[in-house]
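Thank you all for coming; I would like to walk you through one structure, taking a pair of helices and then a sheet. Please have a look at it first.

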Amino acid sequence: MKASDMKTISCTKLDEDLLKSFGAEIKTYREGEKIFNQGDIPIYYFQIIEGKVKENNHDTQGREFIHNILGNGQSFGDSMLFIDKRYPISAEAITECTVIRLSKPNFLNLLEKHPETSVQINSCMSQRMHYQFIMLQNLASNDPIIRLTGLLEYLKSFHTDDIPQSFPVELTRQQIANLTGLRVETVIRTIKKMEKENTLKIDNRKIFF
DNA sequence: GCATTAATGATAA
DNA sequence: TTATCATTAATGC
């Protein structure tokens, strides 16, 4: 393999027509609708065509913890397709969603017939693990500024351009709180502190990082 | 008007 | 210092 070929291995979505040719179906979900539940047996590969999905679960007091928020073109639940375990998390549409899904046996069949997609999936999971570790590090800190910057860096990593403080955070403060394990008020206050320290900008209540 | 989101203050742990 | 609770303001439907 040439060195230039390495670059072609990227974490991009799988081709929709290819998925369809292996029996994938398009499903739409209303806002707030569950896509799968914690404890379910994973039987589908999911990829978002349009909309936003969150992966979450709830602690003993019923408080929500969001693990991830995914957008257009991103897949989810795929890491659970290669082992015989139930979902440790739930997935829920947070906007009206169009999702393409492929059953587990068909998905495995696709990977077998098209090894290049298998490499792609590996690349995706690799990248996801990379950021999971970074998130874990940041979440282990008890300093809220570190938790927030960690999350913001993570969100920004999906963005290509890196003009300082130009990345708009499309999350409510409540969602940020649920992603960091902090309380809304703490998020609000810490964000204001960070604005004073010039690590981010607030314009019309919108956060730019 | 009602629901959601953001902001702020008081107080407890 | 952050969490918790209460209150208020702003925004959008």
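How closely do the axes of helix 4 and helix 5 come, and at what angle do they cross? Before I answer, please note that this is a predicted model, in which local features need pLDDT of at least 70 and side-chain atom pairs count only at pLDDT 80 or more, while totals for chains, interfaces and linings use all residues. Residues are numbered from 1 along each chain as its sequence is written, chains are lettered from A and ligands numbered from 1 in the order in which they are written, and side-chain values use heavy atoms, with hydrogens and water left out.

The axes of helix 4 (residues 115–140) and helix 5 (residues 144–156) come within 8 Å and cross at roughly 165°; axes are lines fitted to C-alpha atoms, for helices over the stretch in contact, with angles running from 0 to 180 degrees between N-to-C directions. Helices (H or I, at least four residues) and strands (E, at least two) are DSSP runs, numbered from the N terminus. Where do the two helices meet? Y131, M135, N138 and L139 in helix 4 are in contact with I146, R147, G150, L151 and Y154 in helix 5, contact meaning heavy atoms within 4.5 Å.

Turning to the sheet, which is open, its 4 strands have the order 1-8-3-6 with antiparallel pairing, where two strands pair if DSSP finds at least two bridges between them. Strand 1 (25–29) and strand 6 (75–76) stand at the edges with a single partner strand each, so one side of each lacks a neighbour in the sheet. Strand 3 (residues 44–50) pairs with strand 8 (residues 97–103) in the antiparallel sense over 6 bridges, and E50 stands opposite T98 in strand 8. Helix 3 (residues 104–113) packs on the sheet and touches strand 3 and strand 8, its direction making about 75° with that of strand 8.
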